[in-house]
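Let's take a friendly walk through a protein fold, starting at one residue and stepping back bit by bit. Keep the structure in view as you read.

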Amino acid sequence: MAAAHADYYQNNSRINSNVLKCAAEMRVKKVVSCLSTVMLPADATYPVTEAAIHTGPPNPIGYGYAQAKRELDLLSRWTSAETQTKCVCLLPSNIFGPGGDFSVKDGPVAHALIRKAIDAKAAGTSLPCFGTGKPLRQMLFSDDLARLLLWALACYEDAKEPVNVAGPEVSVKELAETIASVVGFQGSIEWSGDMD
């Protein structure tokens, strides 16, 4: 994301604005949008609450996308207040599951670790991981998110605050060890010590 802040911001901002404007003009009863944890302040304390969303600048790595998601949160609130269309938002944590991006370079942490563990097992090598494994992540299975989206469409009415959808906190180290066990990798996990 870092190389294309302007594109990420402009494209996502236009999509968000167009969807909500058209929904209001067509008198759609409800719109459910997904925000992203990238919009949270870079120095947020976990577990994070909905109230923390706009309390500090997001991580600079995904700044353009983060700002578009923050804008979506505000635009959803304003559209709900000023039109007959109810706009609610969910803030899902790190999503993983079938159909995800399992590339090592671009995939989310769980998917990238799964790919690395499968590759290390096949090659008979150690499992290389970035950092120390200490950072905490909240994980959310994609099927659970799908159920939550349906629930929000049917039941959630508070347009003033997004629903923070997060699983329990686990360290990246615990996540890597769990994934290694599930895929049958029995070699060593090596941490680079950087990127925390």
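This is a predicted model: local features need pLDDT of at least 70, side-chain atom pairs count only at pLDDT 80 or more; totals for chains, interfaces and linings use all residues.

Residues are numbered from 1 along each chain as its sequence is written, and side-chain values use heavy atoms, with hydrogens and water left out.

Is Gln-10 buried, exposed or partly exposed? Its relative accessibility is 37%, so Gln-10 counts as partly exposed. Buried means under 20% relative accessible area, exposed over 50%, and partly exposed in between (1.4 Å probe, protein chains only).

Now look across to Gln-67, which is 57 residues away along the chain, with its C-alpha atom 9.9 Å from that of Gln-10. Gln-67 is one of the α2 residues that meet α1. Helix α2 spans residues 63-82, and its axis lies 7 Å from that of α1, at an angle of about 15 degrees. Axes are lines fitted to C-alpha atoms, for helices over the stretch in contact, and angles run from 0 to 180 degrees between N-to-C directions. The two helices, α1 and α2, are therefore roughly parallel to each other (angles under 35 degrees count as such).

Which residues make this meeting of α1 and α2? From α1 they include Tyr-8, Asn-12 and Leu-20, and from α2 they include Ala-68, Leu-72 and Leu-75. Contact means heavy atoms within 4.5 Å.

Let's move to the interior. In soluble globular proteins, nonpolar side chains tend to be buried together. The largest nonpolar core has 17 residues, and Leu-35, Met-39 and Leu-91 touch the most other members. Such a core is a set of buried Ala, Val, Leu, Ile, Met, Phe, Trp, Tyr and Cys residues joined through side-chain atoms within 4.5 Å. The elements giving two or more residues to this core are α1, α2 and β2 (86-92). A second, separate core has 14 residues, among them Ala-117 and Ile-179.

Finally, step back to the whole protein. Its secondary structure comes to 5 helices and 8 strands. Of its 196 residues, 37% count as buried. The C-alpha atoms fill a box of roughly 60 × 30 × 25 Å, taken along the principal axes.

Definitions and conventions. Helices (H or I, at least four residues) and strands (E, at least two) are DSSP runs, numbered from the N terminus. Angles under 35 degrees count as roughly parallel, over 145 as roughly antiparallel, 65 to 115 as roughly perpendicular and the rest as oblique.
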